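Open the model in your viewer and keep the selection tool ready. Each stop below tells you what to pick and what you will find there.

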Amino acid sequence: MSSIAYKTVLKLAPKAKDNYLKAIQQSGPLFEQHGITTPLRLSHFLAQALHETGGFTVLRESMKYRAPRILEIFGVGKHSAAVTPAEAEQLAGNEQALAERVYGLGNPKKALELGNTQPGDGFLFRGNGVLQMTGRGHHRRMSQLCGVDFEGTPALATEPEYALLPALFTWTSGNLNAYADKNDIRTITRRINGGYTGVADREDWFEKLWKELKPKGTPEAAWETSDADADVVLLQNELNTLGANPRVVVDGRYGPATKRAVIQFQKIAGLKADGIAGPVTRAAMQLRLASLR
């Protein structure tokens, strides 16, 4: 797996950092250990990694934002930091100060969530490595899981010898191979990201990877090769009950027809029409179903 993964990343991400390329080059035993042994699983893992690192070009999260971007990401109504326009002007270009304000002790709620307890933790433990682990607490957990002192030396998370470890342990602890087998990029994204941020870009990476990694004779569309999912069977039946037009074939696979039906329902319900049957959409469906009953 490591050889084909390396060649594929070289082709699709020509600006990838050597740290990551070397890590992938020697990843064979690690992929085997974590069960990433099929093209579908490898495509999903690499899609998440390539998104989180901007095509394997980002080692550490850059906090060198201009004021408008700070407000877009960390402003009032956008983030718990609720940075004001006046603050944004002062913080612009100052990585340490911005990180401390939004991730560190300058934002007590987020600092508690991330396990940042000391001055400077916001910057020291900003996004790091393949899945951009953030916070002292996350670095500590990965230190314990991987047997590498990422908390004491955060820079180890981007060294080729260790770079894939936090991502692979996150993958395994989240049982993400099972979701990859179902081609469920939505759940994989939510478990890694905590939401669906960047899901379209993750899907784009996945499609490129699948095209390169799929075995000869395999259908072009990955969803056609995936395992059926009982949750998707339930979703498809409920969409049909709610009047999906055309009706969805109930096969347990989240393909284009199911996505279209979800979008159709979302539009009718006044929700964001993204085709993702997440918690908000599912709750709205249950309300409609209850009224029908």
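Leaving aside its neighbours within four places in sequence, which residues is Ala167 in contact with? Select Ala167 and look around it: Phe45, Val130 and Leu131 are the contacts. Keep in mind that this is a predicted model.

**Stop 1: Ala167 and its helix**

Ala167 sits in helix α11. Its relative accessible area is 1%, so Ala167 counts as buried. Val130 and Ala167 are 37 residues apart along the chain, yet their C-alpha atoms are separated by 6.2 Å.

Widen the view to the whole of α11. Seven of its nine residues are buried, so the helix is mostly covered. Pick them out: Leu165, Pro166, Ala167, Leu168, Phe169, Thr170 and Trp171. What covers them? The cover includes α3 (28–33), α4, α10, α12 and α13. Just after α11, stop at Asn175, which takes a positive phi of about 55 degrees.

**Stop 2: α4 against α11**

Show helix α4 together with α11. Their axes come within 12 Å and cross at roughly 125 degrees. The two helices are therefore oblique to each other. The crossing is right-handed. Select Arg41, His44, Phe45 and Gln48 on α4, then Ala167, Leu168 and Trp171 on α11; these residues make the contact. By class, they divide into four nonpolar, two polar and one charged.

**Stop 3: α10 against α11**

On the α10 side, select His138, Met142, Leu145 and Cys146; on the α11 side, select Leu165, Pro166, Phe169 and Thr170. This contact has six nonpolar residues, two polar and no charged.

**Stop 4: a salt-bridge network**

Stay with α10 and select Arg140. Which residue does Arg140 form a salt bridge with? Glu151 is the partner, and the closest N and O atoms are 2.9 Å apart. Arg140 lies in helix α10 (residues 136–146), while Glu151 lies in the loop between α10 and α11 (165–173), eleven residues away. With a relative accessible area of 36%, Arg140 is partly exposed. Together with Arg140 and Glu151, they form a network of salt bridges.

Pairs like these have a simple basis. Side chains of opposite charge can pair when their charged atoms come close. The count for this model comes to 13 salt bridges.

**Stop 5: α13 and a buried pair**

Move to helix α13 (residues 185–193). Select Ile185, Arg186, Thr187, Ile188, Thr189 and Ile192, which are buried. The elements covering them include α4, α11, α12 (176–181) and α14. After the helix comes Gly194, with a positive phi near 85 degrees.

**Stop 6: α4 against α14**

Return to α4 (residues 39–52) and show it with α14. The axes come within 8 Å and cross at roughly 140 degrees. The pair is therefore oblique. α4 passes α14 in a right-handed crossing. On α4, the contact residues include Leu42, Leu46 and Leu50; on α14, they include Trp205, Phe206 and Trp210. By class, the contact has eleven nonpolar, four polar and three charged residues.

**Stop 7: α14 to α1**

Glu212 is in helix α14 (residues 199–213), Lys11 is in helix α1 (residues 2–12), and the two are 201 residues apart. How open is each side? Glu212 has a relative accessible area of 29%, so it is partly exposed. Lys11, at 54% relative accessibility, counts as exposed.

Methods
Residues numbered from 1 in each chain as written. Predicted model: local features only at pLDDT ≥ 70, side-chain atom pairs only at ≥ 80, totals over all residues. Heavy atoms only, no water. Salt bridge = Lys/Arg side-chain N within 4 Å of Asp/Glu carboxyl O. Helix = DSSP H or I, 4+ residues; strand = E, 2+ residues; numbered from the N terminus. Buried < 20%, exposed > 50% of the residue type's maximum accessible area, 1.4 Å probe, protein only. Axes fitted to C-alpha atoms, helices over the stretch in contact; angles between N-to-C directions. Parallel < 35°, antiparallel > 145°, perpendicular 65-115°, else oblique. Left-handed = near helix turned anticlockwise from the far one by under 90°. Contact = heavy atoms within 4.5 Å. Nonpolar A, V, L, I, M, F, W, Y, C, P; charged D, E, K, R; others polar.
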